[in-house]
Amino acid sequence: MSEPTTEQPTAAEPATEQPTAAEPAMERPAATPPAESHSSTDSTTTTDSSPSTDSTTTADSSTTADSSTTTDSSTTADSAPPAAPPPPAEYSLRFPDSWWQLDLDPSTRDASIRRRIEAQVEQAPQLTREQVDGLVRSTRRIAREAHARGALRASGMVRILRAGSGPLVLSATTAVLRITVPEGESEDLADLVMAAGVQLGTDAESSGLPPGEVELVELPHVGPAGRISRIEDVEYQGTRVPTAVRHTLVPVPNSHDYLVLASSTPNVDLAEQFYEVFDAIAESLRFGDADASGTDGTGGTGGSSAGGGGESSKGSAQQGN
C-alpha cells in the first residue's frame with residue numbers, strides 16, 4: 001500500500017519540467033525587435049519621406065525664385081541705357097601776347113579799361129587826347145555789350161603804329177558766348193550755318209555792304225565748327241563804323257548749346273590779316289580740363305600761331321559765370 005505513495009513524486013516530474021516547456025514563451029521578447037523594427041521602419045519611412053520631399057520642393061522653389069530674380073535684375077541692369085556724360089564745365093583758349101582780358105564787371109570796368117588804354121598809348125604820344133578818349137569809349141562799349149549778352153569773357157588788343165599820315169591805331173576784340181538754339185529750330189551745325197548764309201545775303205542786299213561768307217571747318221581740338229564772316233556797320237554815338245566780323249560756332253559736347261567766339265575789328269582794310277589771328281585763337285579752343293589731356297591748360301600748340309606764348313585763358317563754360 002505504501003509503494004503507490006512512494007511513486008507519486010515520479011509522476012509529478014512532468015509537472016516539475018513544465019518550466020522547461022515554458023521557455024519558448026519566455027523567448028518571445030527576442031522576437032519583439034522584428035515587430036518593433038517593422039514599426040520603426042514604417043515610422044521612419046513616413047517621417048523621412050515627407051520632410052525630405054517638402055525640403056527638396058522648397059529648396060527647388062527657392063532656387064528657382066532666386067535664379068529668376070537674379071536673371072530679371074541682370075536683364076534690367078543690362079538693358080538700361082548708360083547715363084550720358086554731362087557737358088564740359090570748362091574751356092580754354094590762347095591769345096596773342098599783345099591781347100588782354102577786358103573787365104566786364106559794371107562796377108569796375110570803366111576805370112579798368114581806361115587804365116589799360118592809357119598804358120597802351122604811353123608809347124604813342126602822337127595820339128591826341130580826343131583820340132585816346134574815343135578809344136576808351138569804344139572799348140567800354142564793347143565790354144558793356146559783351147556783358148549784356150552774357151559773355152563768358154572778352155579779350156582785346158590795342159596797338160599804335162607810326163604811319164606816314166599819322167598814327168595808325170589797330171584794335172580788335174573777341175568775346176566768348178554760350179548760346180542755346182531756340183526751341184523749334186534745328187540744332188544741326190550745317191543747318192545753322194546755312195541759315196546764317198541766307199541771312200547774310202539778305203543783309204547785304206539791304207545795306208549795300210559786301211556779302212558775307214559762311215563755311216564749315218574742322219578745329220584741331222574740338223572738331224566741326226561753323227565760321228561766319230562779314231563786314232557790317234556798327235552804330236556808335238550816331239556814327240556808323242564799318243567793322244569786320246568773324247564768328248566761330250562750336251557745338252558744346254553733350255548739350256544743345258553752342259560756344260560762339262565773336263571777333264571783330266574796325267580795321268576793315270586789314271580784315272584778312274585779323275581773320276588769321278581770329279582763326280588761330282579759335283583753333284586753340286579746348287573743352288574740359290586741358291591739364292588732364294597733357295597740355296598746359298592754355299590751348300597747347302593752337303596758341304602758338306596766335307602769336308608767341310600768348311595770354312592763357314581757362315574759364316567756366318557755364319553761361320553767366
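Colleague: How many aromatic pairs does the structure hold?

Modeller: The structure, a predicted model, holds 3 aromatic pairs. Local features need pLDDT of at least 70, side-chain atom pairs count only at pLDDT 80 or more, and totals for chains, interfaces and linings use all residues. Residues are numbered from 1 along each chain as its sequence is written, and side-chain values use heavy atoms, without hydrogens and water.

Colleague: Why is Phe274 with Phe278 called a tilted pair?

Modeller: Rings of Phe, Tyr and Trp (its six-membered ring) pair if their centres lie within 6.5 Å; planes under 30 degrees apart are stacked, over 60 edge-to-face, and the rest tilted. Phe274 and Phe278 lie 6.1 Å centre to centre with 35 degrees between the planes, so the pair counts as tilted.

Colleague: What makes Tyr275 and Phe278 a tilted pair?

Modeller: Their centres are 6.4 Å apart and their planes 55 degrees apart, therefore this pair is tilted too. Phe274, Tyr275 and Phe278 form one aromatic cluster.

Colleague: Where do Tyr275 and Phe278 lie?

Modeller: Both are in helix H8, 3 residues apart, about one turn of the helix. Helices (H or I, at least four residues) are DSSP runs, numbered from the N terminus. H8 covers residues 271-283.

Colleague: Are Phe274 and Phe278 buried or exposed?

Modeller: Both are buried, that is, under 20% relative accessible area, with exposed over 50% and partly exposed in between (1.4 Å probe, protein chains only).

Colleague: How do you know that the charged end of Arg246 sits over the ring of Tyr275?

Modeller: NZ of Lys or CZ of Arg must be within 6 Å of the ring centre and within 35 degrees of the ring normal. The charged end of Arg246 is 4.2 Å from the centre of the Tyr275 ring and is listed as sitting over that ring.

Key:
Helices (H or I, at least four residues) and strands (E, at least two) are DSSP runs, numbered from the N terminus.
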